[in-house]
Number of protein chains: 10
Amino acid sequence: MLFQVEMTVRLPVDMDPAKATQLKQTEKEMAQRLQHEGIWRHLWRMAGHYANVSIFDVRDNAQLHDILSQLPLFPYMQIEVTALCRHPSSIHEDDR
Amino acid sequence: MLFQVEMTVRLPVDMDPAKATQLKQTEKEMAQRLQHEGIWRHLWRMAGHYANVSIFDVRDNAQLHDILSQLPLFPYMQIEVTALCRHPSSIHEDDR
Amino acid sequence: MLFQVEMTVRLPVDMDPAKATQLKQTEKEMAQRLQHEGIWRHLWRMAGHYANVSIFDVRDNAQLHDILSQLPLFPYMQIEVTALCRHPSSIHEDDR
Amino acid sequence: MLFQVEMTVRLPVDMDPAKATQLKQTEKEMAQRLQHEGIWRHLWRMAGHYANVSIFDVRDNAQLHDILSQLPLFPYMQIEVTALCRHPSSIHEDDR
Amino acid sequence: MLFQVEMTVRLPVDMDPAKATQLKQTEKEMAQRLQHEGIWRHLWRMAGHYANVSIFDVRDNAQLHDILSQLPLFPYMQIEVTALCRHPSSIHEDDR
Amino acid sequence: MLFQVEMTVRLPVDMDPAKATQLKQTEKEMAQRLQHEGIWRHLWRMAGHYANVSIFDVRDNAQLHDILSQLPLFPYMQIEVTALCRHPSSIHEDDR
Amino acid sequence: MLFQVEMTVRLPVDMDPAKATQLKQTEKEMAQRLQHEGIWRHLWRMAGHYANVSIFDVRDNAQLHDILSQLPLFPYMQIEVTALCRHPSSIHEDDR
Amino acid sequence: MLFQVEMTVRLPVDMDPAKATQLKQTEKEMAQRLQHEGIWRHLWRMAGHYANVSIFDVRDNAQLHDILSQLPLFPYMQIEVTALCRHPSSIHEDDR
Amino acid sequence: MLFQVEMTVRLPVDMDPAKATQLKQTEKEMAQRLQHEGIWRHLWRMAGHYANVSIFDVRDNAQLHDILSQLPLFPYMQIEVTALCRHPSSIHEDDR
Amino acid sequence: MLFQVEMTVRLPVDMDPAKATQLKQTEKEMAQRLQHEGIWRHLWRMAGHYANVSIFDVRDNAQLHDILSQLPLFPYMQIEVTALCRHPSSIHEDDR
């Protein structure tokens with residue numbers, strides 16, 4: 001089941017750089033692991049913003065929440081969630 | 001070059017049903033042709049809305065505009081355009 | 001899987017009263033059938049508004065979209081969809 | 001008398017973790033006690049957000065305010081209140 | 001139980017003047033009857049707007065909805081409802 | 001001359017409790033004195049919010065500003081001011 | 001007593017031109033009469049908009065409402081009202 | 001050339017009072033000097049707000065920017081700028 | 001003196017096509033004449049929108065208003081005006 | 001390929017002045033270098049704001065993101081990006 005998720009990151013401007021670096025590194029590892037597992041299907045940068053557009057393929061709403069709320073940057077993110085489904089004009093049964 | 005495009009359709013409630021049907025049919029054909037050409041990469045329905053989330057892969061801004069403005073439903077759409085690029089945490093060189 | 005759906009109805013002020021009455025009657029029958037089936041779990045009126053707050057229990061996003069888009073008043077509604085899941089402080093395994 | 005309450009929690013990112021843990025624990029105990037008493041009828045997590053959708057069944061506006069303003073996380077919450085009543089299409093006399 | 005209700009009226013600019021006059025006359029009679037009954041406690045005009053600020057004293061949310069939705073101008077109104085209660089700094093037990 | 005004033009208080013979450021207590025106490029005394037003088041006609045709590053709806057009866061705009069800007073909590077408030085006047089459907093010459 | 005009033009005019013695009021001309025002519029005459037009387041102190045066009053910024057000097061809120069609601073273009077206007085008073089840094093006792 | 005400028009001041013609640021007093025004093029002197037020079041034509045307080053509505057008469061956009069950006073409170077202000085011109089219904093050639 | 005102007009065109013969906021064509025043709029001629037005169041310095045299409053971003057070089061606010069309000073599509077446009085001036089980091093004395 | 005970029009800078013009011021000066025100096029050098037390279041085509045100050053309107057001419061979305069995200073003031077900016085293309089009424093093949 002697909003969801004579009006838009007995440008905007010707002011790190012405090014006075015955050016300890018070492019802490020920021022570590023948070024981003026852990027975030028990246030988790031993002032890549034979830035991509036390899038096929039859960040985080042797409043991940044794009046919004047040009048000009050510290051933000052991304054993502055497509056998640058999850059079992060249900062609960063799994064989506066578990067994943068997002070465990071991201072290391074979750075406390076610093078503004079998140080928008082949109083439930084998606086197949087579009088009748090799509091040429092793909094399962095649009096990947 | 002990728003763009004996220006969100007289209008919300010607002011047909012007049014008193015539109016002639018035959019005209020609406022034809023507009024939608026032509027829209028669908030054009031959407032499917034552009035998908036086959038690899039330009040309209042993804043097309044998802046937003047659950048509960050007469051709206052879609054789409055990913056376009058175009059040569060430049062001009063091609064994006066030409067395509068969107070020639071859609072039969074363009075005069076009835078509210079459109080939001082977001083320029084995308086590769087995310088440093090993406091595992092794909094070219095996220096399709 | 002649960003979704004909160006807020007629907008605000010905006011009928012044209014010059015709609016034929018007979019048509020309005022019939023739309024509302026069909027809408028009511030469909031709403032009651034879906035409640036009996038356990039899909040439309042809750043349905044409340046927002047005081048002072050021609051609007052409702054509803055909780056749907058559906059299989060997935062696609063089923064939610066199919067149900068909402070087939071409501072007779074769908075073309076006249078502004079709809080907001082929020083994906084819900086179990087709250088860790090809830091005393092219910094499945095909050096009905 | 002029913003109210004829909006949407007609560008979004010914004011803890012300061014530099015809050016002392018021990019204090020945060022204790023606030024959340026006290027909040028949880030209070031939420032569960034109010035659920036057992038039938039006052040906090042429903043409590044759902046919004047997927048992807050540190051936020052909940054709740055339904056309260058209270059005697060009057062004053063009781064609603066007393067409960068919400070005594071929640072330990074109240075100073076950190078953004079709250080929206082919507083007065084609800086029976087919907088004419090509901091199949092329940094008292095929609096629980 | 002008190003509610004603040006803000007009503008903004010938007011009559012179609014091409015409404016038949018006779019119909020508009022009658023709607024307003026019926027609205028006025030209903031508003032005055034409800035004031036005499038002590039339900040519509042206060043009614044003020046917002047300066048410069050075809051709008052009012054009102055205070056209602058009702059039994060519960062349902063009564064508030066019944067009253068508002070039966071106003072002749074209800075289909076032409078944008079309405080905002082705010083649940084009120086006693087303020088701890090008020091010098092009145094029951095602020096009328 | 002009447003004004004509706006909506007005040008939302010946002011105290012810093014780390015404010016010294018003794019200072020907060022004293023500010024609120026002075027605010028309360030001033031609010032009660034102005035009520036006794038007939039200037040602060042009505043004062044209601046918005047249920048679920050650290051906010052109030054008030055009706056002021058002042059000589060002119062200048063007096064309204066002097067009163068509001070001298071409230072101890074003024075620096076912590078977001079304020080909205082709406083000029084009111086007699087409503088033609090009111091049954092009161094001077095709606096108190 | 002001074003008020004800043006911003007008026008934005010939205011005439012229906014299909015309004016009968018003769019009616020529009022007459023409305024504007026009557027509006028102009030009323031605006032000029034009120035300026036000569038010293039009530040409509042200032043009247044400026046917002047560059048690029050069918051809108052104005054005005055300063056009114058009225059006895060009270062009621063007079064402001066009477067004047068605005070009797071303007072011929074009132075039914076076609078979106079209006080914002082802001083109560084003004086003397087600024088402590090102004091060099092004028094009565095800023096005209 | 002006239003501009004309407006709306007300035008809202010947001011001083012940090014923990015600003016050193018001596019610094020605040022000095023900033024406001026310097027701001028006041030600059031505001032009064034500009035009024036005497038005929039550049040800051042009007043200056044009104046918005047009732048209930050730490051904000052003003054001002055009319056500036058400047059040579060061009062650049063002069064407007066130079067003046068505003070040199071105000072001592074500029075770093076603490078939210079500013080809105082509206083370009084004004086003569087209104088065809090104004091009775092003044094140069095509305096002062 | 002430079003202004004950024006953003007124009008969004010909203011033609012009624014049922015406008016007579018011949019009228020629309022003529023309006024657009026006259027609009028184009030006027031836009032091109034003003035470009036040749038150096039007044040309408042830049043004119044870009046916003047990709048995906050029936051809208052443009054423009055830079056005008058005018059004598060004063062009045063000339064800007066005269067030009068914009070005489071555009072054939074003015075009654076169908078939503079317009080935003082931003083006063084511009086030289087940026088201290090610009091390498092151009094007069095950024096064309 | 002052209003983009004309109006609006007940048008609003010919000011430096012913390014308590015930022016170390018030496019750090020602020022250095023950030024702005026580096027920002028200026030980078031902005032001027034990019035202007036000389038023809039990438040940052042236009043750069044204007046918004047009158048009355050610590051903000052600019054810019055036109056970028058870049059190879060693609062990725063280059064735009066790389067440039068913006070490497071600006072020294074990027075962490076302190078709110079940015080809006082709009083994709084531009086040639087306007088059919090422009091008299092320039094490549095509007096510079």
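This is a predicted model: local features need pLDDT of at least 70, side-chain atom pairs count only at pLDDT 80 or more; totals for chains, interfaces and linings use all residues.
Buried area is the accessible area, with a 1.4 Å probe, that two parts lose on being put together, summed over both.

Let's start with chains B and A. Together they bury about 2800 Å². Of that area, 59% sits on carbon and sulfur atoms. The contact involves 31 residues of chain B and 31 residues of chain A.

What holds for polar contacts here? Between chain B and chain A there are 15 residue pairs in polar contact, both partners at pLDDT 80 or more. Salt bridges across this interface come to zero.

Which elements of chain B give two or more residues to the side that touches chain A? They are β1 (2-9), α1 (17-36), β2 (40-46), β3 (51-57) and β4 (77-86). The largest share comes from β2(B), with six residues. Sorted by class, this side of chain B has 13 nonpolar residues, eleven polar and seven charged.

Now look at the strands. Strand β2 of chain A, residues 40-46, is joined to β4(B) by three bridges. The two strands run antiparallel.

Next, chains E and G. How much area do they bury between them? About 620 Å², with 68% of it on carbon and sulfur atoms. Three residues supply 70% of what chain E buries against chain G: E:V13, E:A47 and E:G48.

The contact takes seven residues from chain E and ten from chain G. Zero salt bridges are counted between these two chains. Polar contact is counted for one residue pair, both at pLDDT 80 or more. On the chain E side, the classes are four nonpolar, two polar and one charged.

You will find H:S90 in the segment after β4 (77-86) of chain H. Is H:S90 buried or exposed? Its relative accessible area is 3%. The cut-off for buried is under 20%, so H:S90 counts as buried.

What does H:S90 touch, once neighbours within four places in sequence are set aside? Three of its partners are in chain G: G:Q32, G:Q35 and G:L43. H:D95, from chain H, is in contact with H:S90 as well.

To recap the two interfaces. Chains B and A bury about 2800 Å². Chains E and G bury about 620 Å². Zero salt bridges are found between B and A, and zero between E and G.

Notes:
Residues are numbered from 1 along each chain as its sequence is written. Chains are lettered from A and ligands numbered from 1 in the order in which they are written. Side-chain values use heavy atoms; hydrogens and water are left out. Contact means heavy atoms within 4.5 Å. A salt bridge is a side-chain nitrogen of Lys or Arg within 4 Å of a carboxyl oxygen of Asp or Glu. A polar contact is a pair of N or O atoms within 3.5 Å; within protein, one must be able to donate a hydrogen and the other to accept it, and residues adjacent in sequence count only if both atoms are side-chain atoms. Ala, Val, Leu, Ile, Met, Phe, Trp, Tyr, Cys and Pro count as nonpolar, Asp, Glu, Lys and Arg as charged, and the others, Gly among them, as polar. Helices (H or I, at least four residues) and strands (E, at least two) are DSSP runs, numbered from the N terminus. Two strands pair if DSSP finds at least two bridges between them. Buried means under 20% relative accessible area, exposed over 50%, partly exposed in between (1.4 Å probe, protein chains only).
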